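Please examine the structure shown below. The paragraphs that follow lead through selected parts of the chain in turn.

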Amino acid sequence: MDTIAAVATGAGVSAIGVLRVSGPAAIAAAEAVFRPRDGRPLSAHAPRVLVRGALLGPEGETVDDCLAVFFPAPHSYTGEDSAEFHCHGSPIVLRLGLQALFAQGARQAGPGEFTRQAFLNGKLDLTEAEAVMDLIDAESAAAAKNALSQLGGSLRRMAEGVRDVLVDIASRFYAVVDYPDEDIEDIHPREIETALRTADGTLTKLLASFQRGQVLRAGVPAAILGRPNAGKSSLLNALLGYDRAIVTDIPGTTRDTVEEKCCLGGVLLRLIDTAGLRETEDAVERLGTERSRRAAEDAGLVLALVDGSRPFTPEDAAILRLAAGKERWLLLLTKADLPQKAVLPELASLPGTAPAAVLSVSARTGEGIPALEAAVAALFPQGEAETGSLLTNPRQADAVGRALDAVRRAEESLSLGMTPDVILTDAEEALSALGELTGATAREEIVSAIFSRFCVGK
């Protein structure tokens with residue numbers, strides 16, 4: 001088994017930089033490149049306690065005054081002997097310290113290799129390992145909370161609850177078949193029905209959480225639609241808190257879609273500022289309007305903007321009809337800081353869904369922005385009680401979906417009076433799918449794909 005080392009903090013200059021080393025020779029390598037101030041070897045100090053000393057470079061020269069800590073196996077992140085150096089965040093210092101560890105026999109860790117070792121050593125299951133990266137990538141408080149809960153094993157525990165139910169069915173069936181002379185009570189069909197119904201309910205709830213999990217992790221694509229100069233770019237800039245899009249009084253300034261992420265009402269939105277929708281002879285602007293329509297088609301939320309300071313136009317009506325084709329949309333009357341002239345038509349007559357809310361907003365003064373946040377939060381409720389049990393990626397949803405299908409086949413077989421061995425086959429298929437969810441039976445290529453998206457040093 002190799003000893004691996006890497007810089008565990010981001011590239012570039014920072015206040016603090018961390019070097020991490022793990023493996024059978026980790027503590028020996030750490031002692032070779034670190035000189036504690038009190039003269040005692042690092043391993044003579046208490047584990048998991050920071051020790052001040054000098055970090056040595058590949059030639060034995062002092063390169064930093066830093067802190068070191070070691071973690072004896074199995075009480076470490078990876079489950080192996082590990083050590084860390086908390087240095088000043090100079091890229092040169094970190095590179096020299098890493099080279100010194102390489103000179104002691106360590107090799108460069110690959111992406112996610114520390115976490116992969118934690119998985120292989122039983123410190124984490126696959127759902128917890130994926131939660132590590134979800135926590136690093138989290139762009140909202142809700143996403144971070146869900147990832148942290150999964151890192152604590154919330155999703156694993158739900159899967160284990162279903163697994164225990166199915167294992168009980170399978171083990172009792174095998175006991176009756178394998179030991180016919182023993183006085184082992186056969187499982188009553190009613191017990192099997194109850195167990196399968198319990199498993200079905202849990203898996204159904206899990207699978208239904210996937211859409212919300214995707215919203216937490218990737219955000220909601222939110223298209224900002226409106227005719228030229230309706231205030232789309234101004235709203236984008238106001239929500240982001242900086243000037244991302246060019247704003248002028250000239251209609252048609254935005255020729256292409258501009259996408260940025262923004263947390264609004266606790267919901268991560270992928271805001272898409274689109275070109276103004278109108279009939280035009282300009283070939284470039286026409287391409288922009290086509291992209292705007294495609295963005296609206298793909299959006300999970302549409303913000304339809306009408307310039308409240310100008311009379312309502314047929315172009316505005318066309319935009320509202322386009323927005324009404326979506327399940328979730330909000331109608332925003334912009335430029336609320338100016339005298340209002342727009343008179344809205346009867347919205348109930350729109351062919352499609354009515355807006356979830358009609359709000360007056362001003363990008364200049366911030367009027368209406370709190371109401372917009374509240375409206376977005378209402379459209380995408382966080383579901384506080386369920387946080388931590390949301391499926392956040394297609395791999396998890398696929399495994400849970402296959403387990404649910406197998407359980408439902410078993411329920412159908414039971415209702416048709418099939419023999420127990422038929423039900424057992426489906427129960428074992430469900431167990432196999434749950435094993436892929438947690439990593440107990442995951443194939444090597446699945447494991448490799450999961451850890452390939454990790455950053456080096458984690």
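**A guided reading of the model**

Arg 48 is found in the loop between β3 (34–36) and β4 (51–56); strands (E, at least two residues) and helices (H or I, at least four residues) are DSSP runs, numbered from the N terminus. The model is predicted, so that local features need pLDDT of at least 70 and side-chain atom pairs count only at pLDDT 80 or more, while totals for chains, interfaces and linings use all residues. Residues are numbered from 1 along each chain as its sequence is written, and side-chain values use heavy atoms, with hydrogens and water left out.

Although Arg 48 is not a glycine, it has a positive phi of about 60°. Its relative accessibility is 47%, so Arg 48 counts as partly exposed; buried means under 20% relative accessible area, exposed means over 50%, and partly exposed lies in between (1.4 Å probe, protein chains only). Lys 335, another residue other than glycine, likewise has a positive phi, near 60°. This lysine, Lys 335, is found in the loop between β12 (329–334) and β13 (358–360). With a relative accessibility of 24%, Lys 335 counts as partly exposed.

Strand β1 (residues 4–7) and strand β2 (residues 14–22) run antiparallel and are joined by 4 bridges; two strands pair if DSSP finds at least two bridges between them. Ala 5 has Val 21 in β2 as its bridge partner. The hairpin of β1 and β2 has 6 residues between the strands, and in this hairpin Gly 12 takes a positive phi near 100°. Strand β2 also pairs with strand β6 (residues 82–89), in the antiparallel sense and over 8 bridges. Here Val 21 has Ala 83 in β6 as its bridge partner.

Pro 74 has its place in the loop between β5 (62–71) and β6. The peptide bond from Ala 73 to Pro 74 is cis, with omega near 0°.

Tyr 77 has charged side chains over its ring. Arg 20 lies over the face of Tyr 77, at 5.9 Å from the ring centre, and the charged end of Lys 458 sits over the ring of Tyr 77, 4.5 Å from its centre. A charge sits over a ring if NZ of Lys or CZ of Arg is within 6 Å of the ring centre and within 35 degrees of the ring normal.

How many aromatic pairs does the structure hold? There are 3 aromatic pairs in the structure. The rings of Phe 119 and Phe 451 have centres 6.1 Å apart and planes at 40°, so this pair is tilted. Rings of Phe, Tyr and Trp (its six-membered ring) pair if their centres lie within 6.5 Å; planes under 30 degrees apart count as stacked, over 60 as edge-to-face and the rest as tilted. The pair links distant parts of the chain, with Phe 119 in helix α3 (residues 113–120) and Phe 451 in helix α15 (residues 444–452), 332 residues apart. The rings of Phe 451 and Phe 454 have centres 5.3 Å apart and planes at 40°, so this pair is also tilted. Phe 119, Phe 451 and Phe 454 form one aromatic cluster. Phe 119 counts as buried at 13% relative accessibility, Phe 451 counts as buried at 2%, and Phe 454 is buried with a relative accessible area of 5%.
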